[in-house]
Amino acid sequence: MTKEYGEVTAIDNLNLDIEEGEVFGFLGPNGAGKSTTINILLDFVTPTSGSATVLGSDPQKATRELHRRIGVLPEGYELYDRLSGRKHLAFAAETKGADDDPSELLERVGLDPDEGDRKVGGYSKGMKQRLALAAALVGDPDLLILDEPSAGLDPTGIQRMQELVRAEAERGTAVFFSSHILGQVEAVCDRVGVLNDGELVAVDSIEGLRDAFGSGTTLTIELDTIPDDALPTLPEIEGVAGYEINGTSLAVQCTTPRAKGEAISHVQTAGATALDIHIEEAGLDVLFNKLTATDEQRSDESVEEVVA
Ligand code: ADP
Ligand code: MG
């Protein structure tokens with residue numbers, strides 16, 4: 001499907017399938033088109049061309065049925081300052097024709113009963129976010145759509161939200177988890193779709209993405225002396241892509257696990273002693289930055305610095 005706003009193509013020919021019980025991470029920088037996609041899935045926005053299929057139905061045709069089966073934490077949710085958290089949840093249940101117990105929902109998102117009785121006007125951003133998440137859980141949805149669910153949450157809140165997402169998925173709920181923060185998606189998702197500028201630039205598991213882009217590992221060996229004579233032959237080892245020296249530390253780029261051990265024996269055979277070693281997997285953030293770099297940034301040599 002495609003969505004255009006005048007000259008802006010918010011979504012460009014997007015095609016996605018989310019499976020039952022999976023947590024699908026929808027990752028992309030701000031403005032990539034994540035919220036627009038979610039709004040199409042919910043029929044809040046009509047695609048310019050194409051259509052979406054959600055839980056087997058077309059959101060434009062089965063809107064009411066889908067709204068009953070989907071729980072949403074939207075980006076710009078609205079709460080009523082003068083109503084208590086508990087009231088909000090009771091109201092959400094009534095609207096959906098569900099019989100959820102507000103107390104149980106409050107507990108699931110980590111709001112205590114006293115807080116639930118307070119007016120939402122006095123809530124912190126984090127408490128509001130928890131309440132909105134609780135409202136999304138009303139009616140035991142088959143699909144949970146979360147747009148930037150960690151917004152405003154402190155680390156404890158984020159951890160709790162992540163546990164909740166996994167627990168929901170284990171109950172068979174499909175979760176569509178949209179975020180611009182890689183770490184969030186990495187922590188809970190089975191599969192990830194990377195959206196950039198309205199285009200899906202990758203769909204894979206986290207491991208799959210790592211493999212496909214073969215970012216490799218940096219092995220840093222602290223040595224008593226640098227074995228100068230042995231260094232030129234280091235790249236002859238299969239899986240060693242290059243090396244760098246910094247004082248008495250030797251950083252070796254390895255593309256296979258085996259290469260690490262062989263690089264260590266190579267320098268030890270040459271008479272140096274490894275005092276300490278340190279291994280760093282190439283971060284997915286490097287990959288994410290590559291996938292979502294603008295053309296301008298791509299032609300710039302210091303891409304990582306620009307994006308970071
Ligand atoms: P994300 O959620 O990934 O940050 P959005 O889906 O909100 O991205 O936005 C995608 C693009 O579409 C952006 O360029 C945004 O400015 C544009 N856009 C979104 N909603 C509208 C709208 N109602 N009218 C015009 N442009 C919009
Ligand atoms: Mg958004």
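This is a predicted model: local features need pLDDT of at least 70, side-chain atom pairs count only at pLDDT 80 or more; totals for chains, interfaces and linings use all residues.
Local features here need pLDDT of at least 70 and side-chain atom pairs count only at pLDDT 80 or more, while totals for chains, interfaces and linings use all residues. Residues are numbered from 1 along each chain as its sequence is written, chains are lettered from A and ligands numbered from 1 in the order in which they are written, and side-chain values use heavy atoms, with hydrogens and water left out.

User: At what angle do the axes of helix α4 and helix α6 cross?

Analyst: Helices (H or I, at least four residues) and strands (E, at least two) are DSSP runs, numbered from the N terminus. Axes are lines fitted to C-alpha atoms, for helices over the stretch in contact, and angles run from 0 to 180 degrees between N-to-C directions. The axes of α4 (residues 102-109) and α6 (residues 125-137) come within 9 Å and cross at roughly 125 degrees.

User: Are α4 and α6 parallel, antiparallel, perpendicular or oblique to each other?

Analyst: Angles under 35 degrees count as roughly parallel, over 145 as roughly antiparallel, 65 to 115 as roughly perpendicular and the rest as oblique. The axes cross at roughly 125 degrees. The two helices are therefore oblique.

User: Which residues of α6 make the contact with α4?

Analyst: Contact means heavy atoms within 4.5 Å. On the side of α4, the contact is made by Leu105, Arg108 and Val109. On the side of α6, it is made by Arg130, Leu133, Ala134 and Leu137.

User: Which are the edge strands of the sheet of 6 strands?

Analyst: Two strands pair if DSSP finds at least two bridges between them. This open sheet has the order β4-β5-β6-β3-β7-β8, with mixed pairing. Each edge strand pairs on one side only, and these strands are β4 (70-73) and β8 (199-205).

User: Which residue in β7 stands opposite Leu27?

Analyst: Strand β3 (residues 23-27) and strand β7 (residues 191-196) pair in the parallel sense over 4 bridges. The residue opposite Leu27 is Val194.
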